[in-house]
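Good morning, everyone, and thank you for letting me take a few minutes of the meeting. Please have a look at the model on the screen, and then I will walk you through it.

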Amino acid sequence: LTSCLAVLGLSLSISAKAADYAVILKTLSNPFWVEMKQGIEDEAKKLNVTVDIFASPSEGDYQSQLQLFEDLVNQDYKGIAFAPLSPANLVMPAAKAYRKGIYLVNLDEKVDLDNLHKAKGNVEAFITTDNVAVGAKAAQFIVDQLGAMGGEVAIIEGKAGNASGESRRKGATEIFEKNPQIKLVASQPADWDRIKALDVATNVLSRNPNVKAFYAANDTMAMGVAQAVINAGKLNSILVVGTDGIPEARKMVVEGKLTATVAQNPAEIGARGLRLLVDAVKQGKQIPVDQEPKFETIDAVLITK
C-alpha cells in the first residue's frame, strides 16, 4: 500500500510539467542522492534552465521508479537524466522516451545498453564514478595499513546484481587477491542497509574472530559494520573503510569510529550530467541507436582522519 501510494503521489506531482528537463534519482533517503540533487539544482541556475527532480521512495522500489519514468515520458520534457535502480528496470521507458525524441543521459548506475539498443533506444552519455577504482582505492588503503603482516579481511557488498556495488566489490577483491599476505574470508551483501550490515558483520566476526579489516561498498553499511566492531570491543584493532563520504561517515572518521571512506562527488556527477543533457538538446541531433554513448567518470578521494 505504501508503495502504491508513493507511485500515486509521484504521478500526481508530475501531472503538470513545469520545466524543460527532468531528472530521476534512485532515492532521496540517502545523503549521496541529496547531494546529487543539490548539484543539479546549482548547475541549473548556472545554465539558466529549469529542471524537475524526482526519486523513488527507496533503493529497492523498482516499480515506483519504473512508473515514475513512464509518467515523465508522457510529459513534454526535452531531456531526462536518470539513475536506474538496476541495469534493467528502466530499459523500456528509456527506449520509449528515446523513440519519442527525448534526449537521455544516464547517471551513476549504468543502464543495460545491449537491451536498450535492442529496444531501439540509446542515451547521449553515461556519467559515473569509476566504481572499480573506488573499491580498489579502499582495498589498497587497507593493504597498506595492515602492512607486511597482512591478515584476514572481509567485504560487505551492496545489493546483489547492482552494477556499482558489483564494481566496487570487484575492485576491492582484485587488490586483496594480488597481495598474498591478505586473506579474504568473507564477501557478503547487506543490501545497502545499515542494520543488515550490522547483522552481517556481526556474523562474520563470530565466524572469523581474527578479521583485521572490513571494506563496505557504501557508508550506510560501513556505519553498521562500525557498530558491530564496537559491539565486539574491537574498535582499535579492526579497520572499517566505507564508500561515498556522506556527512555522518565523515563525522565518524573524525571521531575515530570509522577508519576511512572513499568519497564520491555526487554533486559533480549530477551537475555534469545536466550539462551533457543541455548540450545534447542544444546540438539538436539525437545519438543514433547503434552509437556508443559518451562515457565520463568523476574522480573519488580517500578521506581519513
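I will go from the sheet to the helices packed around it, and then to the charged side chains.

A word on the source: this is a predicted model, in which local features need pLDDT of at least 70 and side-chain atom pairs count only at pLDDT 80 or more, while totals for chains, interfaces and linings use all residues. Residues are numbered from 1 along each chain as its sequence is written, and side-chain values use heavy atoms, with hydrogens and water left out.

Let me begin with the sheet. Strands of a sheet pair through backbone hydrogen bonds, either parallel or antiparallel. Here 6 strands form an open sheet with mixed pairing, in the order β7-β6-β8-β9-β10-β12, where strands (E, at least two residues) and helices (H or I, at least four) are DSSP runs numbered from the N terminus, and two strands pair if DSSP finds at least two bridges between them. Because β7 and β12 (301-304) stand at the edges with a single partner strand each, one side of each is left without a neighbour in the sheet. From one strand to the next, the twist averages 20°.

Which way do β6 and β7 run relative to each other, parallel or antiparallel? Strand β6 (residues 151-157) and strand β7 (residues 182-189) run parallel, joined by 7 bridges, and G151 stands opposite I182 in β7. Between these two strands the chain passes through α7, and this β-α-β crossover is right-handed, which means that, with the strands pointing away from the viewer, the path from the first strand over the helix to the second runs clockwise. Further along the sheet, strand β9 (residues 239-244) is parallel to strand β10 (residues 260-263), with 4 bridges between them, and V241 has A260 in β10 as its bridge partner.

Now to the helices. Helix α9 packs on the sheet, where it touches β6, β8 (211-216), β9 and β10; contact here means heavy atoms within 4.5 Å. The direction of α9 makes about 165° with that of β9, with axes being lines fitted to C-alpha atoms, for helices over the stretch in contact, and angles running from 0 to 180 degrees between N-to-C directions.

Two packed helices are described by the angle between their axes and the distance between the axes. For helix α9 (residues 219-231) and α10, the axes come within 9 Å and cross at roughly 40°. D219, M223 and A226 of α9 make this contact with E248, A249 and M252 of α10. Helix α6 (residues 131-146) packs against α7 at an angle of about 35°, with the axes 7 Å apart.

Finally, the salt bridges, of which there are 14, each being a side-chain nitrogen of Lys or Arg within 4 Å of a carboxyl oxygen of Asp or Glu. In helix α7 (residues 163-178), E174 and K170 are 4 residues apart, so about one helical turn separates them, and their closest N and O atoms are 2.8 Å apart in a salt bridge. E174 counts as partly exposed at 37% relative accessibility, a term for values between buried (under 20%) and exposed (over 50%), taken with a 1.4 Å probe and protein chains only. In helix α10 (residues 247-255), K251 and E255 also lie 4 residues apart, and they form a salt bridge at 2.6 Å.
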